[in-house]
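The sequence and the structure come first.

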Amino acid sequence: LVLGSTLIPLSIDDSVASADGCDIACMSIPWLFNYGFTIVFSALFAKTWRLNKIMANVAVRRKMKVKVTDALKPFIVLFIINT
């Protein structure tokens, strides 16, 4: 959703908004893209990490429970590094 919202400021031109509005729209594009990409990448990374953790414990034949906080840790770390 955030990554897709990068397209909205791209549609703003001089005939629609003032020069200040166009400047703000142009400055928001990298921010929206960067945060959107971080959210998508960290979600996929957390899912892959969770699946890897579960499958590694299947080989040991141990029952494994992955908590939501365990999956949120990579997201939080990547989001903090991004800012």
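The model is predicted, so local features need pLDDT of at least 70 and side-chain atom pairs count only at pLDDT 80 or more, while totals for chains, interfaces and linings use all residues. Numbering starts from 1 along each chain as its sequence is written, and side-chain values use heavy atoms, with hydrogens and water left out.

The chain contains three helices and zero strands, in the order α-α-α along the sequence. Helices (H or I, at least four residues) and strands (E, at least two) are DSSP runs, numbered from the N terminus.

| Property of the chain | Value |
|---|---|
| Radius of gyration | 19 Å |
| Box of the C-alpha atoms along the principal axes | roughly 65 × 20 × 15 Å |

Of the 83 residues, 17% are buried (under 20% relative accessible area, 1.4 Å probe, protein chains only).

The count of salt bridges is one, a salt bridge being a side-chain nitrogen of Lys or Arg within 4 Å of a carboxyl oxygen of Asp or Glu. Lys73 pairs with Asp70, with the closest N and O atoms 3.8 Å apart. Both residues lie in helix 3 (residues 68–82), three residues apart, about one turn of the helix. Asp70 is buried, at a relative accessible area of 15%.

Methods. The radius of gyration is taken over C-alpha atoms; the globule rule is 2.2 Å times the number of residues to the power 0.38. Buried means under 20% relative accessible area, exposed over 50%, partly exposed in between (1.4 Å probe, protein chains only).
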